[in-house]
Amino acid sequence: MDLVLNVADYYFFTPYVYPSSWPEDEPLRQIIGLMVVTNLGAAILYLGLGALSYFFIFDHKLMQHPQFLENQVQREIKYALWSLPWISVPTVALFFAEVRGYSKLYDSVDESPLGWSGLIFSMVSFLFFTDMCIYWVHRFLHHKLIYKYFHKPHHVWKIPTPFASHAFHPVDGFVQGLPYHIYPFLFPLHKILYLVLYVFVNIWTISIHDGDYRVPSLMEHIINGSAHHTDHHLFFDYNYGQYFTLWDRIGGSYRYPSALMGKGPYDHIKKLMVLIHKKLLALK
């Protein structure tokens with residue numbers, strides 16, 4: 001995150017905000033800068049990517065589903081924008097530790113233990129490490145003793161839109177995002193690759209809430225896509241994974257998506273429309 005902070009300092013904070021007597025590497029200044037950059041970046045990613053998905057990918061027919069709530073989109077956005085600043089507080093603490101040099105992030109490929117192949121390994125290991133951690137964190141959040149306090153607000157959205165992707169309770173949002181931030185403290189990772197993966201994570205989180213249930217047939221049993229995650233919202237105890245179905249299979253919580261069996265939300269809407277049509281014909 002120091003790369004982002006350096007850019008913000010160079011183009012904005014130093015010339016327009018802070019006095020020249022305040023060093024860029026002073027801790028309090030770095031914390032303030034990180035708070036601004038983190039909150040602004042999170043809002044832009046969420047609203048920007050969410051809007052693109054909502055207007056160009058999300059099928060608005062899903063809004064006809066009986067479990068789609070009144071004013072749901074507005075409620076999702078409002079809840080997410082309330083939650084994100086709270087999530088940023090502990091997140092910034094981790095970013096600050098990165099900026100101060102306590103992580104294993106590095107600047108140059110030459111610093112990678114495995115060179116360019118290390119970048120490939122980092123990408124793969126990042127995905128599998130975070131997928132494993134999020135599975136168990138997510139499943140823990142479903143425990144009956146804590147579910148209603150932290151994770152239940154996210155399950156209000158039975159038929160989610162892309163804007164439900166970040167509509168979490170702050171504790172829920174932070175602990176599910178924690179594996180992404182822990183990884184560079186445990187394993188070497190290129191700083192630019194870390195930023196790329198950070199954006200990818202946000203895109204993926206939106207994509208599994210976008211209502212596009214299409215999955216390549218060869219990947220249906222491997223990738224945890226929107227169809228899989230929608231079943232998690234609908235049936236609660238299945239498909240906790242983030243990217244893959246691996247840990248759901250190991251943990252016995254895998255469910256083949258109902259949408260891919262002709263029993264999903266679209267099918268429910270079609271049956272409902274047919275029923276309404278028959279009733280209207282009967283009234284004539």
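Leaving aside its neighbours within four places in sequence, which residues is Phe13 in contact with?

## Phe13 and its surroundings

Here, contact means heavy atoms within 4.5 Å. By that rule, and with neighbours within four places in sequence left aside, Phe13 touches Ala8, Tyr18, Arg29, Gly33, Val36 and Val37. This is a predicted model, in which local features need pLDDT of at least 70, side-chain atom pairs count only at pLDDT 80 or more, and totals for chains, interfaces and linings use all residues. Residues are numbered from 1 along each chain as its sequence is written, and side-chain values use heavy atoms, with hydrogens and water left out.

You can find Phe13 in helix H1 (residues 2-17); helices are DSSP runs of H or I with at least four residues, numbered from the N terminus. Phe13 has a relative accessible area of 4%, so Phe13 counts as buried (under 20% relative accessible area, with a 1.4 Å probe and protein chains only). Its C-alpha atom is 7.8 Å from that of Gly33, 20 residues away in sequence.

## Thr161 in a loop

Next, look at the loop between helix H5 (147-150) and helix H6 (170-186), where Thr161 sits. Thr161 is buried because its relative accessible area is 0%.

Beyond four places in sequence, the contacts of Thr161 include Tyr54, Phe58 and His209.

## Gly241 in another loop

Gly241 belongs to the loop between helix H8 (226-235) and helix H9 (246-251). With a relative accessible area of 2%, Gly241 is buried.

How values were computed
Helices (H or I, at least four residues) and strands (E, at least two) are DSSP runs, numbered from the N terminus. Buried means under 20% relative accessible area, exposed over 50%, partly exposed in between (1.4 Å probe, protein chains only).
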